[in-house]
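Have the structure open while you read.

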Protein chains: 2
Amino acid sequence: MQRYFIANEQLINNTITLHSDDAHHVKNVMRFRIGDNLVCINENEQTFKCEILELNSDKVIVRIVEELKEDRELPVNVTIAQGMPKGEKLELVLQKGTELGLRSYVPLKTKRTIVKFDDKKEKKKIERWEKIVKEAAEQSYRSRIPTIESPINLKELVSFSSQYTFKLVAYEETAKGSEEKSNLKYVLDNIKTGDSILVVFGPEGGLDEDEVLFLENNGFITCALGPRILRTETAPLYLLSAVSYQLELLR
Amino acid sequence: MQRYFIANEQLINNTITLHSDDAHHVKNVMRFRIGDNLVCINENEQTFKCEILELNSDKVIVRIVEELKEDRELPVNVTIAQGMPKGEKLELVLQKGTELGLRSYVPLKTKRTIVKFDDKKEKKKIERWEKIVKEAAEQSYRSRIPTIESPINLKELVSFSSQYTFKLVAYEETAKGSEEKSNLKYVLDNIKTGDSILVVFGPEGGLDEDEVLFLENNGFITCALGPRILRTETAPLYLLSAVSYQLELLR
């Protein structure tokens, strides 16, 4: 059933009012009619099956039929912090990452990050990214839209990371060692429902050794993601899939 | 180190001759010079560290320095059969799937497959797809290029599937049940090195119920890939990541 994320204030008594993009989507994309059903999710992740009452020129009014008890969210908070790759790669990570359960995304300014943008462009880009994750969250039947942070550097990431239970850095060089082979396994064996994990990925050119060392000195553990070399946009998808497999299918 | 796949006949005595695209890549993209090192992999998956001897206008001649003992291939054969999605999605699955260890890809003609092409177009498309998997195999340091089959229908897939140890169909409807939750876990717990697994995915619109029933009646087991709804191009990447995680990191 088609899903729409709403602000809590859109819900008054037992009805919900959809505006602008969502109202347009209901009327012109889905071509719904009065009496049709759709799903609305509020900011508390409450999921409601609704029935369309009114289709107006500027808004759509729906009535709550019942609250659905769904749980499609990963049991842990997975945050991806990534040396900003080029536009379409970053957007791929956001879209696919959202489908795979991403909770939060942190664009990183690293030594080999090529992408540069000023404050004005940054605002526009983040708006675009927020649209991508919202649509992907709706499409994948999630009850939560991932959050996107403003770009920060590694030093700022270290302060940001203090709130996380586990802190990892995916570093391809460690694929050669045997010790790190199971660091991801170690973390996923020990992570508990409600815990959080922050995983750092390099940009296209990777992190440099000093950057990895800096992260290690600040409590991050290096981890390999199998023996093949993954592109920067593929590695976060492997990580999220592994988390889902271990916590949602194995347990 | 930059990698090139070669035909066995390119290796004579202790030297390898690179032609056309690869020679161009060595000279004009990588701008290598005499004495520089690169890696060549033959059809037997033997991986050689080589040194450049000659850079000619139409070919590059290298000398084998040593055979490298690498093992970056998944320990099992994972074949993805997928209701053909639109061009760029299929290409994404091929590129990312190759990085994640895909052994073989089978484009399927299903009821909801929108993509149609005639024999002439088919040949061109397959050539393009083969270029994508070759480049992705080189980039991800694999020793094997995935194979791509010609498009077939579900009936033909059933004959094709007889050579596989395990046959699965990813079907989102079963995400609701509890029984299928662990079918993937069951298979990956029981699969042994050298075994093969064929996994079927629907196109954008999914497989229809009759198609799933037909596959089930022919020995395929339905399996869910977590509680979220994954797009057709995301689901195979989840599957390959889970296989790698279970067989390369957990074991």
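Of the 251 residues in chain A, 54% count as buried. Keep in mind that this is a predicted model.

**Chain A overall**
- Chain A has seven helices and 13 strands.

**The six-stranded sheet in chain A**
- The sheet is open, with its six strands in the order E1-E4-E5-E6-E3-E2 and mixed pairing.
- Strand E1 (3-5) and strand E2 (11-12) of chain A sit at the edges with a single partner strand each, so one side of each has no neighbour in the sheet.
- Helix H1 (residues 20-29) of chain A packs on this sheet, touching E1, strand E3 (15-18), strand E4 (37-41), E5 and E6 of chain A. The direction of H1 makes about 170° with that of E1(A).
- Strand E5 (residues 47-55) and strand E6 (residues 60-68) of chain A are antiparallel partners, joined over eight bridges. Within that pair, Glu54(A) stands opposite Ile61(A).

**The six-stranded sheet in chain B**
- Chain B has an open sheet of six strands too, in the order E1-E4-E5-E6-E3-E2 with mixed pairing.
- Its edge strands are E1 (3-5) and E2 (11-12) of chain B, each pairing on one side only.
- Strand E5 (residues 47-55) and strand E6 (residues 60-68) of chain B run antiparallel, with eight bridges between them. Lys49(B) faces Glu66(B) across this pair, standing opposite it in E6(B).
- Helix H1 (residues 20-29) of chain B lies across E1, strand E3 (15-18), strand E4 (37-41), E5 and E6 of chain B, at about 170° to E1(B).

**A covered strand: E11 of chain B**
- How many residues of strand E11 (residues 166-170) of chain B are buried? Five of its five, so to speak: the strand is mostly covered.
- Phe166(B), Leu168(B) and Ala170(B) point one way from E11(B), while Lys167(B) and Val169(B) point the other way, and all are buried.
- E11(B) pairs in the parallel sense with strand E12 (residues 196-201) of chain B over four bridges. Here Leu168(B) stands opposite Val199(B).
- E11(B) also runs parallel to strand E13 (residues 221-223) of chain B, joined by three bridges. Val169(B) has Thr222(B) as its bridge partner in E13(B).

**Helix packing in chain B**
- The axes of helix H2 (residues 87-99) and helix H7 (residues 235-250) of chain B come within 9 Å and cross at roughly 10°. The two helices are therefore roughly parallel to each other.
- Val93(B), Lys96(B) and Gly97(B) make the contact from the H2(B) side, and Pro236(B), Leu237(B) and Leu240(B) from the H7(B) side.
- By type, the contact residues divide into four nonpolar, one polar and one charged.

**Cysteines**
- The disulfide count over all chains comes to zero.
- The closest cysteine sulfur to that of Cys50(B) is in Cys40(B), and at 4.1 Å it is too far for a bond.
- Cys50(B) is buried, with a relative accessible area of 0%. Cys223(B) is buried as well, at 1%.

Note on methods
Residues numbered from 1 in each chain as written. Chains lettered and ligands numbered in written order. Predicted model: local features only at pLDDT ≥ 70, side-chain atom pairs only at ≥ 80, totals over all residues. Heavy atoms only, no water. Axes fitted to C-alpha atoms, helices over the stretch in contact; angles between N-to-C directions. Parallel < 35°, antiparallel > 145°, perpendicular 65-115°, else oblique. Contact = heavy atoms within 4.5 Å. Nonpolar A, V, L, I, M, F, W, Y, C, P; charged D, E, K, R; others polar. Buried < 20%, exposed > 50% of the residue type's maximum accessible area, 1.4 Å probe, protein only. Pairing = 2+ DSSP bridges. Disulfide = S-S within 2.5 Å.
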